[in-house]
Structures are given as C-alpha cells and as structure tokens.
Amino acid sequence: MLARNKKAFHDYEIIESFEAGISLLGGEVKSVRDGKISLKEGWVDMVKGEALLREVHISPYKGSRSEEYSQTRVRRLLLKKREIRRLHGKVSEKGFSVVPLKVYLKHGWIKCEIALGRGKKYYDKRAREKEKQDHRDIQRALKNKQQLK
C-alpha cells in the first residue's frame with residue numbers, strides 16, 4: 001500500500017468500494033511509487049461521464065527533468081461505464097460522496113480504491129469514539145486480570 005486515507009473512515013460511513021486505475025504522468029508515477037502522495041483532502045467528482053480525482057497531492061519527483069505539473073491537478077480515474085453510471089446516480093442523491101480510500105500497486109499498476117460514502121454526523125463520530133474507548137478499557141482490564149493469575 002502506498003497511501004491510505006484514514007480521515008475518510010472517520011468522516012464517512014463506507015457503503016461500497018470500487019477499484020480504479022489512475023491516469024498519471026511519468027514523474028507522478030515515480031513519485032507515487034516512492035509514496036509521496038496524500039489523499040487527505042481528496043475527493044472524486046463525476047463530470048460528463050468521467051470520474052475525476054481532485055485535490056490529491058502528489059509531490060514532484062526529484063529526478064524528473066523538465067516535466068513540471070501542478071501537484072494537485074485533476075486526474076482521471078479509469079472505471080467501467082457501468083460503475084461510473086452507478087456512482088453518478090448515487091452521488092446525485094443527497095448525502096452521498098465518493099472519496100479515495102487508498103492507493104496501492106497491483107501487478108505493477110497503480111490502483112486507487114474509491115468508496116461511496118455517506119457523511120457521518122458529529123454525534124455518530126462521538127458514539128464511535130466512545131465505543132472504541134470502552135472496548136480498549138475492557139481489553140485492558142482482561143489483560144490485567146490475566147497477569148494477576
């Protein structure tokens with residue numbers, strides 16, 4: 001795995017995920033392979049039957065010659081038409097978004113896992129954090145009980 005978007009799991013309830021290729025330039029490919037990519041602020045936009053990856057930051061490759069590119073330029077995602085139509089239909093409904101989850105290598109190709117998600121409310125996030133903390137406390141208590149025996 002080259003990059004992961006932890007913020008997406010915190011801010012969205014993930015409903016369905018898709019695997020997509022990314023259309024990159026030469027220097028961008030080398031930079032992504034070095035792990036110099038950030039998905040934190042990224043999102044996917046559906047325009048004219050295409051899926052576009054926006055606000056994903058890819059740092060310039062050090063050994064690149066004259067190929068200058070914008071670090072947050074719009075990049076095309078390679079999906080099947082059926083998947084694009086499905087995502088477009090869902091995004092047009094209120095509350096749904098498409099966000100990038102992770103970027104990884106698969107058989108030498110750079111792939112991006114994107115997901116259809118519904119934004120979480122503030123109280124949902126707080127409830128999830130409380131649930132996780134309660135689970136940690138229980139595990140800690142069980143571990144201490146085991147050590148006392």
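Trainee: What covers the buried residues of H3?
Mentor: The cover includes strand S2 (12-22), S4, S5, S8 and S9. This is a predicted model, where local features need pLDDT of at least 70, side-chain atom pairs count only at pLDDT 80 or more, and totals for chains, interfaces and linings use all residues. Residues are numbered from 1 along each chain as its sequence is written, and side-chain values use heavy atoms, with hydrogens and water left out.

Trainee: Which residues of H3 are buried?
Mentor: In helix H3 (residues 81-91) they are Glu-83, Ile-84 and Leu-87. Buried means under 20% relative accessible area, exposed over 50%, and partly exposed in between, with a 1.4 Å probe and protein chains only. Helices (H or I, at least four residues) and strands (E, at least two) are DSSP runs, numbered from the N terminus.

Trainee: And where do they fall, seen down the axis of H3?
Mentor: Within an arc of 100°, so they line one face of the helix. That arc is taken from the directions from the helix axis to the C-beta atoms. The face turned away from the buried side carries exposed Lys-81, Arg-82 and Arg-85.

Trainee: Let's stay with Leu-87. Why does it count as buried?
Mentor: Leu-87 counts as buried because its relative accessibility is 1%. Leaving aside neighbours within four places in sequence, Leu-87 is in contact (heavy atoms within 4.5 Å) with Phe-18, Met-46, Leu-79, Val-98, Ile-114 and Leu-116. Leu-87 and Phe-18 are 69 residues apart in sequence, and 9.7 Å apart in space, C-alpha to C-alpha.

Trainee: New topic, the sheet. What is the order of its strands?
Mentor: It is an open sheet of seven strands, S1-S8-S9-S2-S7-S5-S4, with antiparallel pairing. Strands S1 (3-4) and S4 (43-47) stand at the edges with a single partner strand each, so one side of each has no neighbour in the sheet. Two strands pair if DSSP finds at least two bridges between them.

Trainee: How many bridges join S5 to S7?
Mentor: Three, between S5 (residues 50-54) and S7 (residues 75-78). Ala-51, for one, has Leu-77 as its bridge partner in S7.

Trainee: Is Ser-31 buried or exposed?
Mentor: Ser-31 is buried, with a relative accessible area of 0%. Ser-31 lies in helix H2 (residues 26-33), and among its contacts beyond four places in sequence are Ile-58, Pro-60 and Tyr-69.

Trainee: Which ring does the charged end of Lys-90 sit over?
Mentor: The ring of Phe-96, 5.7 Å from its centre. The cut-offs are NZ of Lys or CZ of Arg within 6 Å of the ring centre and within 35 degrees of the ring normal.
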